[in-house]
Amino acid sequence: MKNLTLLSLAVLLLAASNYTSGQDLKLNDLEYFETQGVNVLVYSNLFTGGFNDEKTAGIELIHHGVRTSQGGAVRLSSTPEQWDLVPEIPTRTVDRESNTIEAILRYEDYDFDSRVVVTAKGKGVEIAVYLNEPVPAELEGSAGFNLEFLPSQYWGKTYLMDGRINRFSRYVVGNTITRPDSEKPKQFKGYITSDDRGTGKLIEPLPLETGRTLLLAPDEPKRMVKITSHDADLMLFDGRVLAQNGWYVVRSLLPAGKTGKVLTWTVELNAINGWIREPNIGFSQVGYLPSQPKVSVIELDKKAKPLAKASIFKIGNDGTETEVFSAKIEPWGDYYKYHYVKFDFSSVNTPGIYYIQYGDLKTNNFLIENNVYDKITDATSDIWIPIHMNHMFVNEAYRVWHGEPFKEGYLQAPPNTDHFDLHAQGPTTETKYKALELIPGLNTGGFFDAGDFDIETGSNIGVVQNFVQTWEYFKPQRDQTFVDQEQRYVDLHRPDGTPDILQFIEHGTMNLVAQAEIIGHMAQTLSNSVLDNYHHLGDAASITDGLPYNPHLGPYEVAPDGRSSGVKDDMWAFTNRNPGLDLRAATMFAAASRALKGYNDDLSERALYQSKRLLKEATELLANEPQDRRGWGRGSADISTNLQLYISTGEQQYANKFQELLWPALERSVSGNILTAIHGIPHMDPTFKEKLRPYVVKYKEYIDGLEKDNPYGVPIGLGNWAGSGGVVNFGTTICFANQHFPDIVDASHAFKSTNWLFGCHPYHNYSLVATVGAARPKEVFYGNNRADFSFIPGNVAPGILFRQPDHFENYDDWPFLWGQNEGTIGGNTSYLIFGSAFKDLIK
C-alpha cells in the first residue's frame, strides 16, 4: 500500500511539473475556445452524418493538433454504439460577453430536451447541463453526460481516479453484466445492434473506475486532461466492450426528478508552454520521375516562423548522406488552420535515393527514378479487387480471405422498410415477389461495396464502367488472379491465362444482368436484413448461416434435413425502381457488352439487350414524372448512356441524342461533364472536337483557380466523406484532356493528383494508397479486417477529412472512421483507371 501511494504521488508530481501556465482559453472568431495547443469545439459539428454516431460530432477536443475527444453530449447509454440514438441540436448560441456557447439537445423519441452550456474559465471549460423538465421516467439511470476519448491516443498511458492510479489497456478490458432487453433505450428506427441468441438479455459494461476527479495521461503532457465533477460521480468506461470502434467514455448520470442546473463538470486540458506543431513536409512517398515537377508543400503552425530554405540530401551507395540541392522557401499563405510554404526541387533529376531536410526535420527517403510509377496499381488489381469479389471463395497462399458468402440467396425486402444503410423499400415491392420470398439467382457475381459486404448497385455499375474503360483504353494484359466461376473460387497470385480485368468485368456484369433479368429493373441494393450482422467483422461467409430462413422453425433451429433454419439472417433485395439508376445501368451494359464480346458472348448479348430495354423504359418513366422531378436521375448518366450505346451499336440516333444533351450540360457544369465529352471524341466527327475546345479552355481556368484556392492545387472535399475520389477524378480528367488537347491542358497538372494521393497533403505525409512502392503508406484502413488494425493491400483511403470549422485530419492509428479511412469498390476502381491513364500519360 505504501509503494502504491508513493507511485501515485510520483505521477501527480510529474503531472504538476508538466501542467504549464499557458494562456487562458478564449472564444475565437470561428466560434470555438482556443489557446495554443488546445481547441475546444462546442457543437461545431453535429450528429447529422447519416449514420448516427460517426464519432465526429458534439463537444470535441483538439489537443496539440490531434482530435482526441468527441461526442460530448447528453447520451442515453454508457458506451454509445453507432446506431444508438443521437440528439438533434436545433439551436446553438454563442455569447461573447459571457464567453459561453450553449446548445439545446433534443431526443424526439422521448420528448426529452436538455441545454448544455460551455463556459471558458481560465485554462479550462465548465460544462453544465440544464433541464427545464425532469429526466423522463423511462430514461432515469440511462440519460447522462458523456465525453469520449480516442483509445489509440491513450492506451498504454496512466490515469488516476481520485488519486487511484491505473493504466489504459491496449486491448479491451472490463467487467459486464446482463440486463433485460426491455431496459435498453431505443436504437435507430427500432433496429438492434446485438444478437442476444434468444436470451432476452443485453450486455451492460461496468465502469473501470468511479470517482469525482479523473486525471488522464499525467505521463504524457500532450494528452493530459483533468475532469472534475462537482455534483455527481464520474464513471470511466471502455466502449470497445460492445463495439471494436468504441472509445473510452467519461460519464455522469443525470439525476432523477431534478430541474435547473443538474450537472457541472470542469475540464482542463494541459497546454504545453511554447508548443508549436511540428512541420508536415508533404512529398510523394512513391517518389518522382527525373523529369517531372517536384514541389514539396510544407504545412506550418501559424505561430511558427518559416525558415528561409530547405535542402535535398542524396543517400550514396555507401550510405553517406550528401546535400545536393538547397533553395529558398516560397510562401503560399494561410489555408484554414495552418500556414503553407512550398519548396521546389524540380531541378534534382539524377536517379537515386533522397530525403528532404527542413531545419532539423528530415523526411523518410524517397526515390527519383524512371520506374517509380510502374506498379502503383498492381496491389489494387492483384489483391484488393479480387478479395472483394462476392459469392466466391477467395484464397491467398495459406490465407483464406473469405469463404463463399450468401449461399442461401436474397429475399424480397418487405414493403415500408427503412434500412439502416440509407435505403428504403417503399409501399410496394415493384416485383412479382412477395415480402420475404426468395428471389432466385441473385447470388452470383458482384463486388462487396466497401468495408461491409453488401452489393450497392450504383457502385457496382460504376465499377464495371471503370473496368471497361480501363480495358478499352489501355488493354492491360496483367494476369495474376485465378477465377473459376463454376467452382466459385478465386486464388490470388495465380495466373490462369486470362487478363484479370476481363474476369472482373464479367464478374460485375453477372450480378447486374441477373438483377435486370430477374427483378425486371435494377435493385437499389442487396444488403443485410438485420443490423447485428451489418457491422460484421470477419469472414463474409459467416455473416449468414448459409441456410434459407424457414418461418416454420423456432429461432436458431435448424431443419432436420439441414436445408433451412429459423435464423433471420438472410440478405434482402431492395427493389423499388429508380429510372435514373436504370439509365446508369443501361450505360454500363452497353459498354460491358463490347468488352465481353469474344470472351463471354452470351453475357455480352444479354447485357446489350438489357441496355436497350432499360434505356427505353427509363426514358419513358422519366418523361411521365411530375414536372418538379423531371430531371431526377438524369444528367450525365443519360448523356453517357447514349454515347455508350452509339459506340456499341453504331446507330446514329444515339449519337444525335448524346450531342443534344451534352452541350447544355457543359454550359451548366464544365468540370462535371467534360470527361464524358472527351470520351466521345474518338467516336464523333472532327467538328465535335473543335466545338468542345472552348469548354476545355474553361476547364483549364478551373484548374488554374484551384492553384489559388489551396496550396495543393487539387479539388479538396470539405464534406463528411474525405476527398480522394475528387482528386482521382481530377487526375483522370487531366490525363484524357491532355491526350486530346495538349496545347490547353498540360500533363504536369496530373502530378498534383499523384502527389496528393502519395503523401503531399495536410495533417501527415503518408501515402493514402496502400500501394507498391510507397515508402510510408498508411498503416490502417477501414476495411473488413479493420478490427486487426491493418489494411488490405491496394486500398485507397478517402483521405483527409475536414471537420468544421478549420480542422483537417486522417487517423493512422485508428481505422474506424469510414469518412477518412474506408476504401470502396467504386473509389478503388476509379483509382485503377486513373493509375492506368497516368502511366500511359507519362510514357
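1. Two strands are said to pair if DSSP finds at least two bridges between them, and helices (H or I, at least four residues) and strands (E, at least two) are DSSP runs numbered from the N terminus. In that sense, strand 11 (residues 158–161) and strand 16 (residues 213–216) pair antiparallel over three bridges, with L215 of strand 16 as the bridge partner of L160.

2. The model is a predicted one, in which local features need pLDDT of at least 70 and side-chain atom pairs count only at pLDDT 80 or more, while totals for chains, interfaces and linings use all residues. Residues are numbered from 1 along each chain as its sequence is written, and side-chain values use heavy atoms, with hydrogens and water left out.

3. The pair described above belongs to an open sheet of nine strands, ordered 6-7-8-9-20-17-16-11-12 with antiparallel pairing. Strand 6 (88–95) and strand 12 (164–167) are the edge strands, each pairing on one side only. Neighbouring strands are turned by 15° against each other on average, direction ignored.

4. Helix 5 (residues 500–519) packs against helix 8 (residues 601–623) at an angle of about 50°, their axes lying 10 Å apart; axes are lines fitted to C-alpha atoms, for helices over the stretch in contact, and angles run from 0 to 180 degrees between N-to-C directions. Helix 5 and helix 8 are therefore oblique to each other (angles under 35 degrees count as roughly parallel, over 145 as roughly antiparallel, 65 to 115 as roughly perpendicular and the rest as oblique).

5. Where helix 5 meets helix 8 (contact means heavy atoms within 4.5 Å), the residues of helix 5 include M510 and V513, and those of helix 8 include L603 and R606.
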